Amino acid sequence: MALTDSNLKCTPPLATWPALAQGRAVWTGHQPRFWHAGILAKYQAADAAMTAAGDTTTALHHLVVDQDVQDPLVIDAPVLRADTLTVTSVRLGATRVDVPTGCQPALAIAEPSLPQGIDTRAAQGIRRITQALRSAQNATTLAQQVTGALTALLTPYLSRPLTAHYATDFQHAPWFAAECHRLLHDAKSCVTAYNRAVARDPGAGIAPLQHEPFRCELPLWALTHNAPRQRVYADLADTQPLFTTESGTPLAPGTSLAPRALLLTAWQRQNPNCGLFVHGTGGGRYDRITETWWATWRQKSLAPIAVATADARLHFDVPVHTPRDVTRAIWHAHHLPHNLDRELNLTSPLVQEKHTLLAMLNNTQAPRDTPHKRQLKKERRAAFHRIHAINAELCKQNKNAIQASLSNVTRTRQGVTNATHAHRRDWPFVFNASG
């Protein structure tokens with residue numbers, strides 16, 4: 001899946017990225033799952049920018065969003081049977097979708113059960129994913145296991161190694177305690193600035209934080225091993241503020257804190273080692289909110305961002321149609337039985353009789369004389385019925401053409417369903433064999 005100028009989209013242009021980074025490291029990141037090409041594009045573009053800056057040896061920094069909840073071990077795969085394209089989900093391990101991947105243990109990976117008709121590229125890709133996951137089973141967490149597998153699978157696509165940094169490990173950084181202390185003791189100002197920044201772009205998908213008279217929701221998650229994450233609040237009712245859960249309970253011993261989306265990139269982009277952070281399209285939008293929030297609350301600027309994405313779809317040998325194609329096919333199926341002679345250029349005696357009767361119907365006019373008018377009506381009615389009888393006989397003689405027209409309705413309807421899957425751009429990048 002080599003990215004080219006035709007499918008790689010960078011904002012600002014990739015050639016400007018080295019100047020933006022100013023000699024410092026280029027970072028990017030994502031949740032630990034088996035990405036599609038649009039995510040891979042971020043890593044390849046960051047790699048290319050470092051090479052363009054003359055750095056051919058430094059590792060690419062990969063921020064793993066392992067405080068997020070998802071199911072990285074369920075892989076969607078295309079299945080082809082005749083003219084039908086469907087999607088099946090292949091499970092590689094028993095994960096918990098309510099627990100962050102950084103809080104779940106690594107898993108034993110069973111041999112996947114692949115359905116009959118699964119696309120060959122998908123089958124090969126899933127086997128590669130399975131092998132990579134098995135090689136990383138000694139990891140401590142599920143996030144580390146998936147990241148280890150990803151790192152191995154990314155080797156053909158990057159010119160440099162990948163260094164992973166986990167969001168759940170921020171708690172061990174020397175600056176972490178001071179940052180959390182600021183969040184707790186300046187909660188009102190923090191949340192007010194946060195919510196105002198979010199309100200400026202309501203379509204970005206970022207929800208505001210709760211702001212109550214004696215407590216504020218903070219942009220943090222409370223994490224414990226193998227348990228669902230919890231929202232974190234600053235209880236401001238007493239002289240000394242206190243971290244609590246949504247229910248008002250103080251955080252239990254052993255609970256760790258991890259940043260939510262905007263705080264995650266804010267902390268990373270204020271790191272002196274970060275010269276440029278590369279996002280996809282969604283992150284590129286919401287991180288503008290981060291900049292506004294941080295400038296208002298902290299009066300600080302952050303490292304610049306860039307956006308990279310790409311569309312890379314798989315080609316399937318199945319019919320792909322639009323609803324308009326279905327409308328046209330239905331019209332043709334209704335039209336054909338009455339117009340076989342013209343559609344098939346038929347010249348039999350029956351066809352000649354039909355044309356004679358049509359000419360009579362088109363050219364005769366009823367006279368004013370009433371008896372003649374009644375007679376002409378009878379003749380026209382008889383001609384009309386005879387034309388229908390001729391059409392019915394022509395349908396019997398050309399039943400293959402009629403059946404083909406009806407089959408085309410079914411085919412185009414199936415093509416609309418196929419199109420939903422054929423146009424998907426989110427297949428795992430390992431499904432493409434050109435890596």
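**Aromatic pairs in a predicted model**

Tutor: Welcome! In this predicted model, Trp294 and Trp297 both belong to helix 8 (residues 281–297), where they sit three residues apart, about one turn of the helix.

Student: Is Trp294 buried or exposed?

Tutor: Buried means under 20% relative accessible area. Trp294 has 0% relative accessibility, so the word for Trp294 is buried.

Student: And what is the relative accessible area of Trp297?

Tutor: The cut-off for buried is again under 20%. Trp297 counts as buried because its relative accessible area is 7%.

Student: Where in the chain are Phe316 and Trp427, and how many residues apart?

Tutor: Phe316 is in the loop between strand 13 (305–310) and helix 9 (323–335). Trp427 is in the segment after helix 13 (399–422). Their pair links distant parts of the chain, and the separation is 111 residues.

Student: Are Phe316 and Trp427 buried or exposed?

Tutor: Let's take them in turn, with under 20% as the cut-off for buried. Phe316 has a relative accessible area of 5%, so Phe316 is buried. For Trp427 the value is 3%, so Trp427 is buried.

Student: Which residue lies over the face of Phe316?

Tutor: A charge over a ring must be within 6 Å of the ring centre. Here the distance from the ring centre of Phe316 is 5.3 Å, and the residue is Arg121.

Student: Which residues form one aromatic cluster with Trp35?

Tutor: Rings pair if their centres lie within 6.5 Å. The cluster holds Trp35 together with Tyr43, Tyr157 and Phe429.

Key:
Residues numbered from 1 in each chain as written. Predicted model: local features only at pLDDT ≥ 70, side-chain atom pairs only at ≥ 80, totals over all residues. Heavy atoms only, no water. Helix = DSSP H or I, 4+ residues; strand = E, 2+ residues; numbered from the N terminus. Buried < 20%, exposed > 50% of the residue type's maximum accessible area, 1.4 Å probe, protein only. Phe/Tyr/Trp six-rings, centres within 6.5 Å; stacked < 30°, edge-to-face > 60°. Lys NZ or Arg CZ within 6 Å of the ring centre and 35° of its normal.
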